[in-house]
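The sequence and structure come first.

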Amino acid sequence: MEKIVVSRDSDINDLDPQNFKSDAGYEAIENLYNGLFDLEVRPGPGETWRATSQDVVGEVIEDYELSEDGTTLTLYLRRGV
């Protein structure tokens, strides 16, 4: 069994991605779970960061298609997921 040690100045209230309510919980979940999509952000004007719809990348999915009418999203999962 692997052991993960996390040091924070506040408590991780929950490791359920639907129930966390603390910054520490968010950081732990972000590092433990993959989502369907992620955004590849880049520096914007000033000290901001930005992402557009062109910056969507798959984490658990390897590809996706949006129908021409915009009503159907088809996701293609990576093998083994």
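## Confidence

Where in the protein is confidence lowest, and where is it highest? The model is predicted. The lowest confidence falls in β4, with a mean of 84, and the highest in strand β6 (residues 73–77), at 92. Across the protein the average pLDDT is 87, and 100% of the residues score at least 70.

## Helix α1

Helix α1 spans residues 23–32. Its buried residues include Ala24, Gly25, Ala28 and Ile29. These residues lie on the same side of α1, because they cover an arc of only 130 degrees around the axis. An α-helix has 3.6 residues a turn, so residues three or four places apart point the same way. Asp23 and Asn31 are exposed on the other side of α1.

## Asp55

The loop between β3 (49–50) and β4 (56–58) contains Asp55. This residue counts as buried because its relative accessibility is 8%, and the cut-off for buried is under 20%. Apart from neighbours within four places in sequence, Asp55 is in contact with Asp38, Leu39, Glu40 and Arg42.

## Largest pocket

The largest pocket holds about 190 Å³ of space. Its lining consists of Ile4, Val6, Arg8, Ile12, Leu15, Ala24, Glu27, Ala28, Asn31 and Leu32. By type, the lining has 7 nonpolar, 1 polar and 2 charged residues.

Terms used
Residues are numbered from 1 along each chain as its sequence is written. This is a predicted model: local features need pLDDT of at least 70, side-chain atom pairs count only at pLDDT 80 or more; totals for chains, interfaces and linings use all residues. Side-chain values use heavy atoms; hydrogens and water are left out. On a 1 Å grid over the protein atoms alone, a cavity is a set of points where a 1.4 Å probe fits but cannot get out, and a pocket is an open set with protein on both sides within 12 Å along at least five of seven lines; lining residues have an atom within 4 Å of a point. Grid points are joined across faces, edges and corners, and a volume is the space filled by probe spheres set on the points. Ala, Val, Leu, Ile, Met, Phe, Trp, Tyr, Cys and Pro count as nonpolar, Asp, Glu, Lys and Arg as charged, and the others, Gly among them, as polar. Buried means under 20% relative accessible area, exposed over 50%, partly exposed in between (1.4 Å probe, protein chains only). Helices (H or I, at least four residues) and strands (E, at least two) are DSSP runs, numbered from the N terminus. The arc is that of the directions from the helix axis to the C-beta atoms. Contact means heavy atoms within 4.5 Å. pLDDT is the predictor's confidence in each residue, from 0 to 100.
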